[in-house]
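Let's take a look at how two protein chains sit against each other. Have the sequence and the 3D view open while you read.

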Amino acid sequence: MSDANEQIDKLMQELRRGTITIGVLSQLSEPQYGYSLVSLLGDNGVDVEPGTLYPLLRRLEKQGLLDSKWDTNEARPRKYYLLSSTGKEVYDQLCVEWRSIVSSLNHLIDEKGGKENGDD
Amino acid sequence: MEMIERYIFAVTQGLLQSQREDIAEELRGLIEDMLDERTQGRKATDKDVEEVLMELGNPKLLAQKYRGSKKYLIGPEIFDSYIMVLKIVLISVVSTISVGFIIQIILDPISILDHFIEYIVSFVTVIPTAFGWTTFGFVLGEYFGGVKAKDLQFDKEWSPSDLAPIPDEKRQIKRYEPIVGITFYTLLMVILAFSNEYFGVWVFHDEFSGVVPFLNEETYGSYLFFIILIFGFGIIKECLKLIYGKWTFRLVIYTVIVNLISLVTVVIMINGPEFWNPNFMLELTQAGLLSEGSEAYGTVSKIWEQSTFWIFILLVIGLIWDAIDGFIKIRKSK
């Protein structure tokens, strides 16, 4: 059984990796700094470790999907991230793609549930 | 709080110089935010810090995430060293070729055009070769080093107490020091190994008319090995300084050992039979620089006879100073 769990872990990790990006983009129409984003995502049931999120934010910035700005007015300097115009465009398109994936997969899963006599 | 700085240093060390400061600043903010959440207003203890760092995980892994999984021929982890070594190699090569060129035009100013063409040709052929081999070496390093990076992922056992201290400014060896050293040794080695006949007193009568060499040209070949060995050790010593990057007790011990070996080699060499040019004084007279019996002849002759002894003394002083200097630098930082 532990073998199956291990496989599930691995697959879930892969699945999550792709979806986190969409999750991050979805929250950045308002500027956020890294740790506020961790809690924001966590509150909505998307748990992401800071050690994963921080490098991801930097990568998205480098790809031009996010803009960033240091806020040094507060006691603690923080780097705020915000969707760039490309980022907005990409995010909108990703939402369309995501919905289409969800509906296709739902269709596949439900259909399989209908005829349980597969050779699996 | 020292622990936090150590952690940040460990992460950013594996990143490109240009990103380091920004990432360090952001990480510091993150760790403080995480601490605040954990402590809820009370003062953070060392244990809190440790737990937060444990949550962030192995700094090498975090650095790896920052770097992304791009395929590199030479990755950011060793890129800075690559650029540095490349500079050393290119500076050494260019200065060696240039000194050779200058010597040639002094000796034979008439065919300056030929020498110039040769010079340009050396530039075009030697520099790409040096560049290529250095790069190749680092690509190999990256390739075999890459295996190590993969092992790291299974290295789940990590604890904040493993963090190495941040190097002390005072103990740090300035990077240009070993670079200048290596360049200097390379240059001397090449000159002594391949154009020892020019190592001596240069005689000019209106124009260049020959060299009275210091060394015995007939036995020179058998000493070549020693000469390369001595400078080779010098270069090894400078490389050790580069690798350590700071003065540590171990580095000083290594320097002392290398110095001792070079000293012994030099002593064997200069005391060996017929190392120096046996006809030096005679040739000087023949070249018309000195006349036998004059006061100047006596002085030069004395200097020449005692040179072995004084070279030895100077060398001992220099090498001992090298070691003392290292110890002082360790001391100062404590």
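This is a predicted model: local features need pLDDT of at least 70, side-chain atom pairs count only at pLDDT 80 or more; totals for chains, interfaces and linings use all residues.

**The interface as a whole**

Start with the head count: 17 residues of chain B are in contact with 16 residues of chain A. Putting the two chains together buries about 1600 Å², and carbon and sulfur atoms give 50% of that area. On the chain B side, B:Glu26, B:Asp33 and B:Lys65 lose the most area to chain A, and together they make up 34% of what that side buries.

Seven salt bridges run between chain B and chain A, while the count over all chains comes to 17. There are also eleven residue pairs in polar contact between chain B and chain A, with both residues at pLDDT 80 or more. Which elements of chain B give two or more residues to the side that touches chain A? They are α2 and α4 (59-67) of chain B. The largest share, eleven residues, comes from α2(B). Sorted by class, that side of chain B has six nonpolar, two polar and nine charged residues.

**One helix pair up close**

Now zoom in on helix α3 (residues 50-62) of chain A and helix α2 (residues 17-39) of chain B. They pack at an angle of about 145°, with their axes 12 Å apart, and α3(A) passes α2(B) in a right-handed crossing. From α3(A), the contact uses A:Pro50, A:Tyr54 and A:Arg58; from α2(B) come B:Asp22, B:Ile23, B:Glu26, B:Leu30 and B:Met34. By class, this helix contact has five nonpolar, three charged and no polar residues.

| Salt bridge | N to O distance |
|---|---|
| B:Asp22 with A:Lys79 | 2.6 Å |
| B:Asp22 with A:Arg58 | 2.7 Å |

**A stop inside chain B**

Last, look at B:Leu107, which has its place in helix α5 (residues 76-107) of chain B. Leaving out residues up to four places away in sequence, B:Leu107 touches B:Tyr198, B:Trp202 and B:Phe208. How far apart are B:Leu107 and B:Tyr198 in sequence and in space? They are 91 residues apart in sequence, and 9.7 Å apart from C-alpha to C-alpha.

Conventions: Residues are numbered from 1 along each chain as its sequence is written. Chains are lettered from A and ligands numbered from 1 in the order in which they are written. Side-chain values use heavy atoms; hydrogens and water are left out. Axes are lines fitted to C-alpha atoms, for helices over the stretch in contact, and angles run from 0 to 180 degrees between N-to-C directions. Helices (H or I, at least four residues) and strands (E, at least two) are DSSP runs, numbered from the N terminus. A crossing is left-handed if the near helix is turned anticlockwise from the far one by less than a right angle, and right-handed if clockwise. Contact means heavy atoms within 4.5 Å. Ala, Val, Leu, Ile, Met, Phe, Trp, Tyr, Cys and Pro count as nonpolar, Asp, Glu, Lys and Arg as charged, and the others, Gly among them, as polar. Buried area is the accessible area (1.4 Å probe) that two parts lose on being put together, summed over both. A salt bridge is a side-chain nitrogen of Lys or Arg within 4 Å of a carboxyl oxygen of Asp or Glu. A polar contact is a pair of N or O atoms within 3.5 Å; within protein, one must be able to donate a hydrogen and the other to accept it, and residues adjacent in sequence count only if both atoms are side-chain atoms.
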